[in-house]
Amino acid sequence: KWIYTTDDSIANRKNVKDMVRVFPNMTAEIVALEPKELGFADLGHMKFFSRKRNQLWEHALNWLSTHA
């Protein structure tokens with residue numbers, strides 16, 4: 001599962017698609033999070049990991065608990 005935010009200037013849609021192409025045999029789910037739709041002014045590259053944004057972590061934690 002590849003998660004990026006639409007306002008991330010580093011891991012943006014184009015870069016994520018390029019990273020996924022490196023693993024052609026991998027089944028990849030790409031999820032784009034829109035900060036404003038989630039009630040945040042911005043998320044950028046690192047704010048996803050902020051404790052203030054911990055409600056977003058379920059996107060990764062649910063996947064990890066199923067696949068780890």
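Biologist: What makes the nonpolar surface patch, and what is its area?
Modeller: In this predicted model, Val22, Phe23 and Met26 make a nonpolar surface patch of about 280 Å². Patch residues need over 30% relative accessible area. Met26 has 34%, so Met26 passes that cut-off.

Biologist: Where is Met26, and why is Met26 called partly exposed?
Modeller: Met26 is in the loop between α1 (13-21) and β2 (30-33). Buried means under 20% and exposed means over 50%. The 34% of Met26 lies in between, so the label is partly exposed.

Biologist: Why is Met46 called exposed?
Modeller: Its relative accessibility is 56%. The cut-off is over 50%, so Met46 counts as exposed. Met46 is in the loop between β2 and α2. Its C-alpha atom is 8.5 Å from that of Asp8, although the two residues are 38 apart along the chain.

Biologist: How do you know that Arg21 and Asp18 form a salt bridge?
Modeller: The N to O distance between their side chains is 2.7 Å. The rule asks for a Lys or Arg side-chain nitrogen within 4 Å of an Asp or Glu carboxyl oxygen, so the pair qualifies. Side chains of opposite charge can pair when their charged atoms come close. Both residues belong to helix α1 and are three residues apart, about one turn of the helix.

Biologist: Why is Arg21 called exposed, and why is Asp18 called partly exposed?
Modeller: Arg21 has a relative accessible area of 57%, which is over 50%, so Arg21 is exposed. Asp18 has 35%, between 20% and 50%, so Asp18 is partly exposed.

Biologist: What makes Lys47 and Asp42 a salt bridge?
Modeller: Their closest N and O atoms are 2.9 Å apart, and the limit is 4 Å, so this pair also counts. By this rule the count comes to two salt bridges. Lys47, at 35%, is partly exposed, and Asp42, at 30%, is partly exposed.

Biologist: What lines the largest pocket, and what is its volume?
Modeller: The volume is about 320 Å³. The lining has 16 residues, and Trp2, Ile3, Tyr4, Phe48 and Phe49 lie nearest the centre. Eleven of the lining residues are nonpolar, three polar and two charged.

Biologist: Which elements supply the lining of the largest pocket?
Modeller: β1 (2-5), α1 and α2 (58-67) supply at least two residues each. The largest share, four residues, comes from β1.

Note on methods:
Residues are numbered from 1 along each chain as its sequence is written. This is a predicted model: local features need pLDDT of at least 70, side-chain atom pairs count only at pLDDT 80 or more; totals for chains, interfaces and linings use all residues. Side-chain values use heavy atoms; hydrogens and water are left out. Patches are made of residues with over 30% relative accessible area and no salt bridge: like charges are joined within 9 Å, nonpolar side chains (Val, Leu, Ile, Met, Phe, Trp, Tyr) within 5 Å. Accessible areas come from the Shrake-Rupley method with a 1.4 Å probe; for residues, only the protein chains shown count as cover. Buried means under 20% relative accessible area, exposed over 50%, partly exposed in between (1.4 Å probe, protein chains only). On a 1 Å grid over the protein atoms alone, a cavity is a set of points where a 1.4 Å probe fits but cannot get out, and a pocket is an open set with protein on both sides within 12 Å along at least five of seven lines; lining residues have an atom within 4 Å of a point. Grid points are joined across faces, edges and corners, and a volume is the space filled by probe spheres set on the points. Ala, Val, Leu, Ile, Met, Phe, Trp, Tyr, Cys and Pro count as nonpolar, Asp, Glu, Lys and Arg as charged, and the others, Gly among them, as polar.
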